[in-house]
Amino acid sequence: MCGITGIVDIQGRPINEELVRQMTALLKHRGPDEEGIYRNEACQSTSSTNGCSVALGNRRLKVIDLEGGGQPLCNEQETIWITFNGEIYNYRELREELISRGYRFRTKSDTEVIVYAYEEYGPDCVHKFRGMFAFALWDERQQRLMLARDRLGKKPLVYALTDRQLIFASELRAILQHPAIERVPDYEAIHHYLTFWSIPAPWTAFRGVRKLPPANYLLYDASGCVLNQYWQLDVVNKLRITREEAIEEITSLLDESVKLRLNSDVPLGIFLSGGVDSSAIVAIASEQGKLPIKTFSIGFDESEFNELPHARRVAEQFNTKHFERLVKPDAAAVLPRLIEYYGEPFADSSALPTYYLAQMARQHVTVALNGDGGDEIFGGYYRHAAMQLVEIYHGIPSWIRQVLIKPASQIWPEQLSVKYLGLNINPKRFLRMADLPRAKRWERWTRLFSEASKRFLYTQDMNQNTRGVNSVDQLRNLFASLESVDGADAGIAVDTMLNLPSDLLVKMDIATMAHGLEARSPFLDHHLVEFVAGLPGQMKVRGMKSKVLLKDILRRYFPREHLNRTKQGFTVPLAAWLRGSLKDWMTDILSSSQATNRGVFRSHRVQDLVDSHLAGTEDHAHKLWALIVLEIWFDRFIDQNVP
C-alpha cells in the first residue's frame, strides 16, 4: 500500500524534482517505510528535444516482498515505469502466466506483475487484475501516461490538466503543492456534497482538479487525454440459478476472497464491529487457520450506539486476541487534522470512530480486513427493503389503492408510525413517497439537504454559482439504466455505484492510510460482487427482510438472534454530542465572522438550524455536522492555505 504522485509534461520541459519530492513527502502517512522518485532523461534536459518529461513519486508501505518491492519500478529495458498503490491478489497466477510468455522477474512483488501485464496486454491489462489499485504507468516508447483505478474505487486517485501538463496524486493535499493549481472552491462540487454527504467522482472540492472515476483508466499523450471505462456492474442480466446453488457459489467465493486477503508478509488483523458483515469475516478467517486472529472494536458510552458487547461475544466465540476502545467526543481536537487528510469536506461522522479504530489497530498490525460492502451488495439497508415494499404496493390493483388505501391514509396522524419488520412506517408519508419516481424517492431517503433546503440556505451569490445544478440528476441517470430490475436491486446497484465509492470506501481509505494501515475488503472482491449482482433481488431482500441470502449462509456460524438483531450501523451519538459537550464548539464555528462572511450561507438561516437542534424540537445533527466540516475545510484550505 502506498501513496503515489507524478507530473508529465508533454512539451518536455524540465520538471522540478524538489516539487515532486514535496508532493510525495505529504503522503508519508500512506507509505511510512520508503520513498522513491523516478525522472526520465527529458525531464533532466534543458531542451524539449527528448520528448515528454515525466517524474513519478512513491511512498511505500511494505506489505508484500519487503526487500524487493521498492518503487517506482520498471521493466528490464527501463522503458515502462510504474508507481502503484494497492494490492493485486492474483499476482502469483499472473506472474506464472507472464513467465510462460517469456518475461523475467527480478522481484516477488505484485507491482512488477502490473508492468509486464501492461507490456503484454497494453491498457487492457486492467481486466486481468483482481484487487484494489490506483497506479500511474509511464510508457517511454509510446510517450504515454496511463492512470487506472480499480473497479469499485477502493484506492483514490486525483489529477489535474494544466499548461500541457498532467499532475496526479493519491490525495488532494499532495496535488495542491503544484503552483499551477489554484485553491479555488468548486461550488458545484460543494452543492453535491450537501446532498450526498461527500463529493462524488469526478468532482473534487477544487475547481480544475478531478477524481479518476472507479473502473476507469486514463491515457495521456501529445494528442490529449482520453478516459475509458473498462468495467460496469451488470445487474440487469440475471442468472438462472436455484437458491441452494447460489448459496454454494457465494460460500466458495467468499471463502476464497478472505483467503486471498489473508496473504501478508506483515502482521494482520480484522476490524470487528459486532455486526453481521465483520463477524462473517472473523468466522471465515478463523476457518482458514490463521491463528490467533487479532480483532479490533470501537464503542461509545451511549448504550444505543455501543456494539462492543456483540463484538466481544464474536471474539470469544472464535478465540481472537481482542482489542477495544471507547470513543469520546473530542472532535474539536481531531476533526481539523482529519479534514486535512481528506482534502475536501466529508460529512459522514463515522469517519471519527473509523480513524480511532485504525489508530488502535496500527499499534498491533499493518493490515486489517473489514466487512465493508456487505450491506451494499447483499441489500442490508432498510431503504432496500423499503424499495421492495413500494414495489409490493404498486402491485396492488390501482382501484384498491385509489378507492380504499389512499383515502384511509388521509385520516392517519402525520406523526404516528407503525413498526413493520424493523421499519418505522408512517402510512401517509409512505404513500407520498411511493408516488414519486425512483430517483426522487431514493434522494428523499438518503439525502443530507434537499435541493429546496439548499437554495433556502444559500446566499444570492451561492445560488448564482450553482444555477442549473441539481444533484438529483445523477440519481436520475443511474436509475434510468436500472428500469428493468426490481426496486430493491436498483437500490443495491445505486449504493454500489455511488454511495460505496464516494463515502464508505473513501472513509476507510483515508482513516487507515492516515496511520499507515492497509485495509482489505473481502466482500468487495469483484468476482463475488459480479455474481451477487446477477442474482434476482428477491434472493437478497425477501419481503421486508434484508440481506437474507448472506444470513442464510452465516447460520453455520452464528445463532439466529445474532443475525436478526436490529441493525445499528457504525454511527456516533452525534445529536447528543452537539447538544452537550460539543455545543460551544459548534456555535463558535458556525457563528464565527469567517463563516458568516463566507458568502455561501445566510447566517440567520444556519442559526435557525442550530437553535432548533439545541431546543430539541428537531434533529439537525447531521446537517449541522456537514456545515461544521465545510467551514473547517474552508478555513484550513482556502483561508490558511495549509500545505
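Student: Which residues have the most contacts inside the largest nonpolar core?

Tutor: They are Phe129, Phe133, Phe135, Met146 and Ile250, in a core of 95 residues. Helix α20 (residues 487-513) gives the most to this core, with 8 residues. Apart from it lies another core, of 89 residues, among them Trp197, Phe296, Val365 and Leu517.

A word on the source: this is a predicted model, where local features need pLDDT of at least 70 and side-chain atom pairs count only at pLDDT 80 or more, while totals for chains, interfaces and linings use all residues. Residues are numbered from 1 along each chain as its sequence is written, and side-chain values use heavy atoms, with hydrogens and water left out.

Student: What makes a set of residues a nonpolar core?

Tutor: Its members are buried Ala, Val, Leu, Ile, Met, Phe, Trp, Tyr and Cys residues, joined through side-chain atoms within 4.5 Å. Buried means under 20% relative accessible area; exposed is over 50%, and partly exposed is in between (1.4 Å probe, protein chains only).

Student: What is Phe129 in contact with, leaving aside its neighbours within four places in sequence?

Tutor: Ile88, Asn90, Leu94, Ile114, Ala117, Phe135, Arg151 and His526. Contact means heavy atoms within 4.5 Å.

Student: How are helices and strands assigned?

Tutor: They are DSSP runs, numbered from the N terminus: helices are H or I, at least four residues, and strands are E, at least two.

Student: At what angle do α11 and α20 pack?

Tutor: Helix α11 (residues 351-362) packs against α20 at about 40°, with the axes 8 Å apart. The axes are lines fitted to C-alpha atoms, over the stretch in contact for helices, and angles run from 0 to 180 degrees between N-to-C directions.

Student: Why is α11 called oblique to α20?

Tutor: Under 35 degrees counts as roughly parallel, over 145 as roughly antiparallel, 65 to 115 as roughly perpendicular, and the rest as oblique. The angle is about 40°, so α11 is oblique to α20.

Student: Which residues make that contact?

Tutor: Ala351, Thr354, Tyr355 and Ala358 come from α11, and Lys507, Met508, Ala511 and Thr512 from α20. They divide into 5 nonpolar, 2 polar and 1 charged. Here Ala, Val, Leu, Ile, Met, Phe, Trp, Tyr, Cys and Pro count as nonpolar, Asp, Glu, Lys and Arg as charged, and the others, Gly among them, as polar.

Student: Why does Asp163 count as exposed?

Tutor: Its relative accessibility is 54%, and exposed means over 50%. So Asp163 counts as exposed. Asp163 sits in the loop between β8 (158-162) and β9 (165-169). Its phi is positive, about 50°, although Asp163 is not a glycine.

Student: How do you know that Ser546 is buried?

Tutor: Ser546 has a relative accessible area of 13%. The limit for buried is under 20%, so Ser546 is buried. Its place is the loop between α22 (537-540) and α23 (548-553). Beyond four places in sequence, Ser546 is in contact with Gly379, Gly380, Lys540 and Lys551.

Student: What makes Arg602 partly exposed?

Tutor: Its relative accessibility is 31%. That falls between the limits of 20% and 50%, so Arg602 counts as partly exposed. Arg602 lies in the loop between α27 (593-596) and α28 (603-615). Not counting residues up to four places away, Arg602 touches Phe456, Leu457, Tyr458, Thr459 and Gln460.

Student: Where is there a cis peptide bond?

Tutor: One joins Gln71 and Pro72, with omega about -5°. Pro72 lies in the loop between β3 (53-60) and β4 (73-74).
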